[in-house]
Amino acid sequence: MEASGAMERNFNPYTDNGGTVLGVAGEDFAVIASDTRLSEYYSIHARDVSKLFRLTPHTVLGCAGFYGDVLTLTKEINMSTQIYEYEHGRTISCPATAEILSKKLYYRRFFPFYTYNVLVGLDAEGKGAVYGYDPIGSFERETFRASGSAASLLQPLLDNQIGYNNQPNVTRQPLTQEKAVALVREVFACAAERDIQTGDGVIINVITKDGIQESFYPLRSD
């Protein structure tokens with residue numbers, strides 16, 4: 001009887017459900033946005049799934065990637081913010097939430113959360129803050145950050161339009177709330193044309209000292 005050859009068996013606990021999140025910080029506001037498509041390869045599972053999670057009245061987490069890990073991570077970070085409020089008698093700040101999220105990701109460094117994270121809110125001085133993360137919790141505060149399946153499409157646009165990269169003779173103008181929202185709408189419309197895992201709609205949260213305003217705009221659905 002002829003011996004059978006060696007067989008390799010693979011186990012992959014992750015899947016990529018796509019999606020894109022984006023954050024922009026202004027002088028006294030912050031904007032965070034996500035698309036609403038939940039997909040897997042060439043299949044669309046849902047068209048109305050938000051990837052934005054409100055943690056406090058002035059802090060929102062954008063989380064895309066493997067949706068199982070998204071739900072687990074956001075549940076854990078939400079629990080931590082509630083415990084902090086119970087123990088200290090006050091709402092946790094956005095910078096402190098950024099530190100907690102970093103520790104959550106680093107704790108799972110040997111079996112990382114397959115998520116793309118952007119944390120957005122207001123700091124103690126009321127200024128907009130955006131925090132971008134790598135998979136194991138290294139993070140930094142930035143003025144703008146895109147993450148997720150269309151990040152490579154959105155980030156250069158943000159670099160050019162907000163960071164004024166490669167525009168040496170252009171006078172820098174202050175970023176207004178209206179301009180930030182309009183720009184976010186535009187870059188998501190562009191991403192939906194090129195990335196099959198981004199589409200259907202974009203949810204935009206504008207964070208100010210008065211709270212969070214949410215708006216929805218449709219994107220292409222094919």
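Tyr14 is partly exposed, with a relative accessible area of 23%; the class lies between buried (under 20%) and exposed (over 50%), using a 1.4 Å probe and protein chains only. The model is predicted: local features need pLDDT of at least 70, side-chain atom pairs count only at pLDDT 80 or more, and totals for chains, interfaces and linings use all residues. Residues are numbered from 1 along each chain as its sequence is written, and side-chain values use heavy atoms, without hydrogens and water.

Six aromatic pairs were found in the whole structure. Rings of Phe, Tyr and Trp (its six-membered ring) pair if their centres lie within 6.5 Å; planes under 30 degrees apart are stacked, over 60 edge-to-face, and the rest tilted. Tyr14 and Phe111 form an edge-to-face pair, 5.8 Å centre to centre, with 70° between the planes. These two residues are 97 apart in the chain. Phe111 is partly exposed at 45%. Tyr14, Phe66, Phe111, Tyr114 and Tyr116 form one aromatic cluster.

The charged end of Arg108 sits over the ring of Phe111, 5.4 Å from its centre. Here NZ of Lys or CZ of Arg must be within 6 Å of the ring centre and within 35 degrees of the ring normal. Arg185 places its charged end over the ring of Tyr217, at 3.8 Å from the centre.

Lys51 is buried, with a relative accessible area of 2%. A polar atom of the Lys51 side chain lies 2.8 Å from the backbone oxygen of Arg37. Lys51 also touches Cys63, among others, where contact means heavy atoms within 4.5 Å. Cys63 is buried too, at 1% relative accessibility.

Methods. Polar contact = N/O pair within 3.5 Å; in protein donor to acceptor, adjacent residues only side chain to side chain. Helix = DSSP H or I, 4+ residues; strand = E, 2+ residues; numbered from the N terminus. Lists of a residue's contacts leave out its neighbours within four places in sequence.
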